Amino acid sequence: MKARNPRTGEEDYEFAESSREDIAAEAARLRAAQPAWEALGPDGRAAVLSKFADAVEAAAPQIAAALTIDTGRSAVAWIEVDGLARNLRKWAARGPELFAGLDCHPQPSLTPGVEIVADYAAYPLFGAIAPWNFPVILSHIDAVPALMAGSAALVKPSEVTPRFAEPMREVLAQVPELPLSYVMGGPEVGQALIEEVDYICFTGSTGTGRKVAEAAARQLIPANLELGGKDPMIITASADPEWAAGVALRSSIVATGQACQSIERVYVAREIAEPFLAALAEAARAVEITYPDPSSGHLGPFIFPAQAGKVQAQIDDATAKGARVLAGGTVETLGGGKYLRPTVLADVAPEMTVMREETFGPVIPVTVFDDLDVAISQANDTEYGLSAAVLAGSLEEAAEVGSRLEAGAISLQDGALTSMVGDATNHSRKASGLGPSRMGDEGMMRFLRRRALIRQTGDAMTIAAYAEGQS
Ligand code: NAD
């Protein structure tokens, strides 16, 4: 298979697609290694995860270099590699504490004479299917707590961003006791992976998530789905408009807007709309793309070129229906890469595609509201429910508005905080996801199956208890 370089548009990287046989063989190898891994115990596994973190940190320049080509951005590539090491250290510290807190003492049952003892065992083989927007972070975000729980882990990165797997395999070779490996390829490899594993975590689009859920249902395995979003931000009349403009801009355009938790709709109170829009447009125009010098500027190219066409079509649909472009607005092809400067749209209407479908680009459609209740109901009028944000004059006011938003995580007095905060347990709503939280302690606990040992401490009944005609 070939992968495209997002800065040049050229297919300059070739990699071997895993065959069905490769995937089955890798799954069998990991299954064989898993009992010894689980038998290491929480402290033993934590020690190996820490060793892996050291090796990732030592190889950070090589991993970040490959990831920089995968994604066309360097600063975020370094943040991702650092994020993987921090994720490993977090679970190496928290995992043993969670195991120590498990209550395995006999508990009385509601059934007289019976006691229950719980024991815990990990799903043997965990599988992950990852998207291209944060390739390193999202390939490992669920695999690390699964490994800490005692599972072996088989991961499929996106075929759009495969380069980082090569240096990561070299790192893994230094930690041979860790049962983690990668299979490479597209949708067919994803489907074959689901057939091999006992638990699947998928991060990607809602459409693919449905296919993954169907395949998991055929296998009768649990599927955790982390899907798309159309996150709203509400800015009330008491908010400072210049501050709000800065927060809204950053929350919408970081990583060229290619983040699930990007703010994709802004609702601002009429009282502050004018200065807010002026400040937002000015700040948006000051943002620079990372072309021609990749080491300066803020916004890199679109990682997946087809995404640029989708985003432009949404902007064109909005302007054809009456939206005004206050900044940006046109995808530029520069040196073979596709770039879009931050795009601020005013006079948008709920029926425009930019207000209904996930954009996944640096586009900020702004709706001015007169009635907060109407704004809240418009913010909730979406098929998605990933996250949301509220900016107000006080934290109390923001919290009150936030409690009325239908999403898994609400940032108050900031935006898109889920990208920075890993311990906020949350459950996505509607078409944004399914299953337990990947954040917080649940992130590991979901991989432990509980077995009930049910002890009869009295006399076991005989068939005589079921004889007819006794009552
Ligand atoms: P995608 O759904 O196109 O692909 C994701 C992964 O699924 C890739 O590895 C792909 O090869 C694989 N795949 C595709 N078809 C498959 C099939 N039929 N069976 C099994 N696997 C299959 O998503 P993408 O375009 O790579 O990523 C962008 C999307 O991911 C956006 O919608 C974004 O919101 C979402 N996302 C969600 C989160 C979250 O935590 N909720 C985080 C990041 C990205």
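Colleague: How many salt bridges does the count come to?

Modeller: The structure is a predicted model. A pair is counted when a side-chain nitrogen of Lys or Arg lies within 4 Å of a carboxyl oxygen of Asp or Glu. By this rule the count comes to 28 salt bridges.

Colleague: Which residue forms a salt bridge with Glu-11, and how far apart are the closest N and O atoms?

Modeller: Glu-11 is partly exposed, because its relative accessible area is 47%. Arg-4 is also partly exposed, with a value of 38%. Glu-11 pairs with Arg-4 in a salt bridge, and the closest N and O atoms are separated by 3.8 Å.

Colleague: How many residues apart are Asp-441 and Arg-94?

Modeller: The side chains of Asp-441 and Arg-94 meet in a salt bridge of 2.8 Å, N to O. The pair links distant parts of the chain, since Asp-441 is in the loop between strand S21 (433–434) and helix H16 (442–445), whereas Arg-94 is in helix H4; they are 347 residues apart.

Colleague: Are Asp-441 and Arg-94 buried, partly exposed or exposed?

Modeller: Buried means under 20% relative accessible area and exposed means over 50%. Asp-441 has a relative accessible area of 31%, so Asp-441 is partly exposed. Arg-94, at 30%, likewise counts as partly exposed.

Colleague: Where in the chain are Arg-356 and Asp-381, the pair that links distant parts?

Modeller: Arg-356 forms a salt bridge with Asp-381, and the closest N and O atoms are 3.5 Å apart. The two residues are 25 residues apart, with Arg-356 in helix H13 (residues 353–356) and Asp-381 in the loop between helix H14 (372–380) and strand S17 (384–385).

Colleague: Which residues do salt bridges that share partners join into one network?

Modeller: Salt bridges that share partners join four residues here: Asp-142, Glu-226, Arg-438 and Arg-446.

Colleague: What covers the buried residues of H2?

Modeller: The buried residues of H2 include Gly-41, Leu-49, Phe-52 and Val-56. Their cover includes helix H1 (20–39), helix H3 (60–71), helix H4 (75–100), helix H6 (143–149), helix H7 (165–173) and strand S7 (180–182).

Colleague: Is Thr-290 buried or exposed?

Modeller: Thr-290 is placed in the loop between helix H11 (270–286) and helix H12 (305–320). Beyond its neighbours within four places in sequence, its contacts include Arg-7, Gly-72, His-298 and Tyr-339. Its relative accessible area is 8%, so Thr-290 is buried.

Colleague: Which residues form a nonpolar patch on the surface, and what is their accessible area together?

Modeller: One member, Ile-463, is found in the segment after strand S22 (448–456). At 70% relative accessibility, Ile-463 counts as exposed. The patch is formed by Met-461, Ile-463 and Tyr-466, and together their accessible area is about 420 Å².

Colleague: How far apart do the C-alpha centres of domain 1 and domain 2 lie?

Modeller: The domain assignment gives domain 1 (2–227 + 432–454) and domain 2 (231–419). Between them, 18 residues of domain 1 are in contact with 25 residues of domain 2. The separation of the two C-alpha centres is 31 Å.

Definitions and conventions
Residues numbered from 1 in each chain as written. Predicted model: local features only at pLDDT ≥ 70, side-chain atom pairs only at ≥ 80, totals over all residues. Heavy atoms only, no water. Buried < 20%, exposed > 50% of the residue type's maximum accessible area, 1.4 Å probe, protein only. Helix = DSSP H or I, 4+ residues; strand = E, 2+ residues; numbered from the N terminus. Contact = heavy atoms within 4.5 Å. Patch = residues over 30% accessible without salt bridge, like charges linked within 9 Å, V, L, I, M, F, W, Y side chains within 5 Å. Areas by Shrake-Rupley, 256 points an atom, 1.4 Å probe, with all protein chains shown as cover. Domains from an automatic or database assignment.
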